[in-house]
Amino acid sequence: MKINGDLFVIDEVLLSINTVRMVGSGGVRIEIDCDEFYERFSSGEYVLNDEIEITKFSGESDAEKQEAQFRLEVVNLYIEQLQKCSKKPDIERAISKFCFKRGHKPVRVRTVREYLKKYADGNYAALVPNYRARGGCGWSSKKEFVDFAKEKAIEIYFANDKVNKRNLYIQIDEELRQKLGDEAPKIIISESTCSRIIDGIPIRAALNGRLSKRELNLEERRAIKKYRDCRVFAVVELDACTVDIMARDEHGRSHTEVTLYLMRDVRTSYPVAVYVMAGSPSEMGFYKVLEQFYLPRDDAYYRALGVAGIRIVPAAQIGVLVIDNASEHFGKLVWEVIRRLGITVKNTRQYRGDDKGYVESGFAILQKRLLGFMPGAKKSKDKRVKNRMAKAEEEACYSISEIFEHVVDFFYGTYINELRPDLGFIYGQPMTIAQAMDKELSLFKPLPPPSIDKFRSLIVTMHCEERKYQHYGVDFRNFQFNSAELARYMDKTSERDILVYFNPADCTKVYVTKKSDRKGTLIEAQNKMIGVPEISFDEAAALFAEYSGDHIMTGKDFQRRNARQQIKFNKDSKRKPKVKDINKSVRSNTKKVFHQEVGEALSKDAVKPKQISFSETAHDDDITPADWSNGHE
């Protein structure tokens, strides 16, 4: 409490003698009768300290009075409208007119209801806003600091991409403190203020500086969304998805790795190609779905699919292929094969599936309407069942080819023949995906696709490396390769820069051509190590790593170590295999089939070394000696 401006604290109240004892600063003590104590409070001579603070800020400012009066009038208007039983649109219209006449920003009905609730609880005082709680004078007192921060943002943040917002704030705060010295307050400018300054600077004013995360996402989203306004086959989305289903291999063993590949046209949502294969997503699956797309739609094509009574739109030249940032999309298949076909590749943003929403929705539709009901499905519709793996393994009976047939039959027999509301908005009438594709092709014909033979011939570019030709041949993957045909081919010119094409599954031979050879002549070169088995380069590297002999490894050593591996495989095959081992075996078989295609493509037009045959009559052991002669006859 305060007495004549001095602070006092009530030390003790003695009810027995009706006295109040108070202690002030410096040890000053005052004793006063209780009745007189209360009278002086009534007269205002004694005042509680808290009350002084309240009276000091109890008066409203002019802006607060004007806002409180406006709120009271708009509440009365709302009550009048309720008494008239007006509808909500009429109430909103009346409030908008009232705000316009008063020159006030529009107020929503929900806000007026909050005003009415406060008014009913606390009368007029509850409508008074507390503008004083917003702080001091705002940025007006920081104008010099704000201008300094803007200059530093353009000088540092937009010119140096290594500096983030936190680093910029630390540098600005330190320079301001050096500038102000001891007079610097505890907080000169806050980190949030620096962030707002950066967001408020126009990009052009920042001298072509970097974009903020919000602006970058906005620009990329606009770029992705404009694809819908293109022609058919101008933009096609491609992606892979691991399917939640168990399948059986050729030996009847169940495995869990099943991958679905899908390509969809952005304009019409038409699934232009689909493919199902065993194993995890890889470059092989990427190649196979593209091969499925470029295959001619003849009777052999439909027989291979195992379906009848459906029609799939023929392939055409793709303009832009939208793919994500998966590792299998950054190999030589994309950078060599796709580029040579004249296709522009666009990568989506990271962790943003909506940038390729058409193919993602295709996966969701398949899982919801087809794959979730197949025998071997790993997810249950019953929320109480958390793990369905054991039951899925028991009922799994479909092979990869059978799952592929069902997916093709669902897409091209059912899904594309259903009416789609989004296509109805585009074309102004109910439309199916198949009808939309036919309509677009009747209006515009895209360029024809490359032949399937040309596409398959490009598979050899997936496995190609640059090397130097030496006098003894080619050094490649710990081996030396050469042939008489290759030596004659290289002797024609002095060029030694070559391209080595190889089949990853066969280390016994490679195919060589000069970098400057426009004809692309491939010369087969044999492995100079005699007796090396037909194994992959990876297996050969593993055998090299395990070898601990004291002499140079020979073909016989390779054969012995490979035989030991086969003995171990034979023993392991007798025990009950795990699902993990089966998945590994399925992936290995899938790679083996793919590498066979690579080997066939490489050896198709290559110049092979001549095979030398030996006849028995020409052998040294079969020479008949001449009869004895003394030399004089």
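The dialogue below goes through some terms used for this predicted model and asks what lies behind each one.

Reader: Before we start, what should I know about the model and its numbering?

Author: Residues are numbered from 1 along each chain as its sequence is written. The model is predicted, so local features need pLDDT of at least 70 and side-chain atom pairs count only at pLDDT 80 or more, while totals for chains, interfaces and linings use all residues; side-chain values use heavy atoms, with hydrogens and water left out.

Reader: Thanks! Why is the pair D90 and R93 called a salt bridge?

Author: A salt bridge is a side-chain nitrogen of Lys or Arg within 4 Å of a carboxyl oxygen of Asp or Glu. In D90 and R93 the closest N and O atoms are 2.8 Å apart, so the pair meets the definition. Side chains of opposite charge can pair when their charged atoms come close.

Reader: Where do D90 and R93 lie?

Author: Both are in helix 4 (residues 88-102), three residues apart, about one turn of the helix. Helices here are DSSP runs of H or I with at least four residues, strands are runs of E with at least two, and both are numbered from the N terminus.

Reader: What makes D90 "partly exposed"?

Author: Buried means under 20% relative accessible area, exposed over 50%, and partly exposed in between, with a 1.4 Å probe and protein chains only. D90 has 33%, so it is partly exposed, and R93, at 45%, counts as partly exposed too.

Reader: How do you know that K179 and E144 form a salt bridge?

Author: Their closest N and O atoms are 3.8 Å apart, so the pair falls within the 4 Å limit. K179 lies in helix 7 (residues 165-180) and E144 in helix 6 (residues 143-157), so the pair ties together parts that are 35 residues apart in sequence. Both K179 and E144 are exposed.

Reader: How many salt bridges does the structure hold?

Author: It holds 30. Among them is E465 with R467, the closest N and O atoms being 3.0 Å apart. E465 has 22% relative accessibility, so it counts as partly exposed, as does R467 at 27%.

Reader: What is pointed out about phi in R477 and N478?

Author: Phi of R477 is near 50°, a positive value in a residue other than glycine. For N478, also not a glycine, phi is positive as well, near 70°. R477 sits in the loop between strand 14 (473-476) and strand 15 (479-482), and N478 lies in that loop too.

Reader: Why is N478 called exposed, but R477 partly exposed?

Author: N478 has a relative accessible area of 57%, over the 50% limit, so it is exposed.

Reader: What makes N18 a residue in contact with D33?

Author: Contact means heavy atoms within 4.5 Å. Leaving aside neighbours within four places in sequence, N18 is in contact with I32, D33, C34 and D35. N18 and D33 are 15 residues apart in sequence and 6.1 Å apart in space, C-alpha to C-alpha. N18 is found in the loop between strand 2 (6-14) and strand 3 (19-24), and with 29% relative accessible area it is partly exposed.
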